[in-house]
Amino acid sequence: MTTVTSAGPIAAATPRKGRRPASRSFWETAWRRLSRDPVALTCGAILLIILLAALLAPWITPHDPYRTSMTRRLLPVGDARHWLGTDELGRDLLTRLVYGGRMSLFMGFAPVVLATLIGGFLGIVAGYCGGAINMAIMRVTDVFYAFPSVLLAVAISGVLGAGLVNSLVSLTLVFTPPLARVAESVTTQVRSQDYVEAARATGASGWRIVLGHVLSNVTGPILIYASSMISVSIVIASGLSFLGLGVSPPHAEWGLMLNTLRQSIYVAPLNAILPGLMIFIVSMSSNLISDSLRASMDVKV
Amino acid sequence: MRQTLASARSPASETIGPLDRGGPAQPLLLVNGLRKYFPIKSGGLGGSATYVKAVDDVSFDVKKGETLGVVGESGCGKSTTARLLIRLIEPDSGTIVLDGDPVGGPRGLSLREMRRQVQMVFQDSYASLNPRLTIRDTIAFGLKANGIDRATAGKRAGTVLDLVGLNPSMFEQRYPHELSGGQRQRVNIARALALEPRLVMLDEAVSALDKSVEAQVLNLLQELKSRLSLTYIFISHDLNVVQHVSDRVLVMYLGKVIELGPVDALYRNPLHPYTEGLLSSRLSMSPRKRIEKPPLSGDPPNPVNPPSGCRFRTRCHLAEDVCSKLEPKLGAPAGGPHIVACHARTPGSGHSLAGKAGPATTPSS
C-alpha cells in the first residue's frame, strides 16, 4: 500500500477543540420528549391520582366499602354524606369506586406485565434463534391467536372458574401471543442488522448478544405495544367480572359494580354509569399515554 | 493446486506479528474447497431442492502481512466468502487453516479462538453500530465477550479509539448518530482492532465513504497495518482502490475464483477475459479514451443454474465448445504466482487459443 497523497494526515478527522455537547442516549431523548408532552403529562397525572387513591384507600375513604344500609339505597350523586351517592345495597359509591380501583388497576397492569415478560422472552428467543425454534413457538401462539381475545378470556376463565387468580391467568394467556408476536418481529429485524453480525464476529455468545444488543433495540416497540394493552386488559377484566367470571361479590371491582348497578339504570342513571366512567377514564388515559410513548420513541437515532 | 498457491511469494511477508506460530513461510490463511449453497426451495414433497451456489469450491491463501484484494461483480460471492471465513455463515464444506491450525473440528481452533485473530469491518458504517450503545460500549462489548473485565475493556476501547485517530475523551460517550460517516467507519475499524486480530477483512469498508474521507481511511488502514503487523483481505468493487492497496488480487465470478495474481501482473496483463473486461470497464481520465460501449454486457447468469463448464462462457468473446463441456481449473499458464481458470489460457485444454494466444506472463513478484 502506498500513501494516498491527496488526503491529509490521520489527525484530520480529530474535531475542533472545545467542550462537546453532552451525548444523549435514545432513552434520555425519548424521556425528555415524553415529559414535555402535555397529553402524556395530563393522562399520567390522572392515572397517578387514581393509583394513589387506590393504594391509600383505607385512609382516605369516608366509609366502609362493605357496609350496607337498606335505608340509604341508591342515594343520588351529590348527597351530603355520600358525595357520589350509594349503590343498590346502600354502600357508599365513592368508597367503592376507590376500592374498586385497586382490583381494576391490578387487573389492568398485572396481566400485561406478566404477558410482556413471558411473551417478550418467547418472542425474543423465537426471533433470535429462528428456524425450528421460531416455528415451534410461533405456531403455538398462533393457536391462541385464532380466537377473539374476549372469547378466549371468557373460555379460559370459564374452564378455570371465577376468581382473581384465574382471571389473571386467563388474561395473561390472552395477551402473551400478541406480545410474543411483536417481540418476535422486531427481534427478527434486529437480528439481521450488521451490528449483531459484528457482535457475533467478536465471538460473543447468543445470550450476551441478546442482552447487550438485541434487548436495548426491541424494548421500545414491545413497551409501546404492551402499554396499549393496558386499557384492553382493564376492559376485558371488567368484562369478566361483569359476566361473573372475575372477582366475586361483595368485592368492589368496577366491572362487577357496573353489573350490579345495571338494574338501577332507570332509577339512578348517574350512579349506574359511574363505574363505567372510571373504566373509560383509566383506559383512555393509558391509551393516550401509549400514543405519546410511541410518538416520543419515534426518533431516528 | 495448493502447491501453486503456496509457492507464490508475498512481497510484504517480512512483517510478522508477535502471535506468529507457523513462521513467515506459512500462509496466515489457507482456504481450500470452500463451498456454500443457499437453499431457496426445500426438497420436500417431490420437488427437488434448488440452491444458490453462492460460493463454489473456492481456494486461496493469504500470506502474512499482505493485502489480498478481492474483486468481482455484485453477487459474485465476495461478501459471502468473507462471512464464511469468519463463520458468520457456516460453510457446507471446505477447510480453513489459520497459520497452520485448522479452524473447527475436534483438534482445530475453536470459533472463538479464530475470531480473536480474524475480524471484519462491514460496509455500512451506520448499520454496523448499535444505535443504543455508546462508542465505548460498542467497542468494549467484544472484549467483555472474550472474558476481559469491564474496566480493562473500557480502557482498551479508549486506546483503540486513539489508534484510529478519534480522541477518546471526545468520542467515547457518543452515540453513532452523533458521528460522521468517516468517524463511524473509524469506530468500526477500532472495534475490529480491539481484539488484536492478525487478519482483518474489510468488506467494502471504504466504498460508502465519500472520496476525501475514503482516502483518509485508506491511509489510516495502511498505517495501522504496518504499525500492528496486520494482514488484510480487502473486498471491493472499486478496481482503482484495490490496485492501490493490494499486494495480490483475487477475481471472483459467480462463486468461483477465476484469477489470482500479484497486483501489477494482474492489472498489466489480465489473463481471464472477465478480468480483462472488468479492468477495461474502468473509466479513463482522458476524454480521448472515451468508452462508448460497456466491455462486459448483460448480467451474470443465474447462480441457481450456472452455465455448464466455464461459468463465464455465456458472456465471453473467446468461448468455444470446450468451454461448455469442461470446467477450467486454476493453473499458472506461464508458471509463477499468477493463476487463472480459463481454457483459452491453459495449454492442452483443447481451446484453439490455448498455448499460443495466451499473453506471455513474466513471473514477476
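The model is predicted: local features need pLDDT of at least 70, side-chain atom pairs count only at pLDDT 80 or more, and totals for chains, interfaces and linings use all residues. Residues are numbered from 1 along each chain as its sequence is written, chains are lettered from A in the order in which they are written, and side-chain values use heavy atoms, with hydrogens and water left out.

**The interface**

Select chain B together with chain A. The contact (heavy atoms within 4.5 Å) takes 51 residues from chain B and 40 residues from chain A.

Next, select Arg83(B) and Glu197(A). These residues form a salt bridge, their closest N and O atoms being 2.3 Å apart; the term denotes a side-chain nitrogen of Lys or Arg within 4 Å of a carboxyl oxygen of Asp or Glu.

**Helix 8 of chain B**

Now select residues 211-227 of chain B, which are helix 8; a helix here is a DSSP run (H or I) of at least four residues, numbered from the N terminus. Helix 8 gives the most to the side of chain B that touches chain A, with 10 residues.

Buried means under 20% relative accessible area (1.4 Å probe, protein chains only). Among the buried residues are Val213(B), Leu220(B) and Lys225(B). The partners of the buried residues include helix 5 (150-163) and helix 9 of chain B.

Finally, select Ser229(B), which follows helix 8 and has a positive phi, near 40 degrees.

Conventions: Helix = DSSP H or I, 4+ residues; strand = E, 2+ residues; numbered from the N terminus. Buried < 20%, exposed > 50% of the residue type's maximum accessible area, 1.4 Å probe, protein only.
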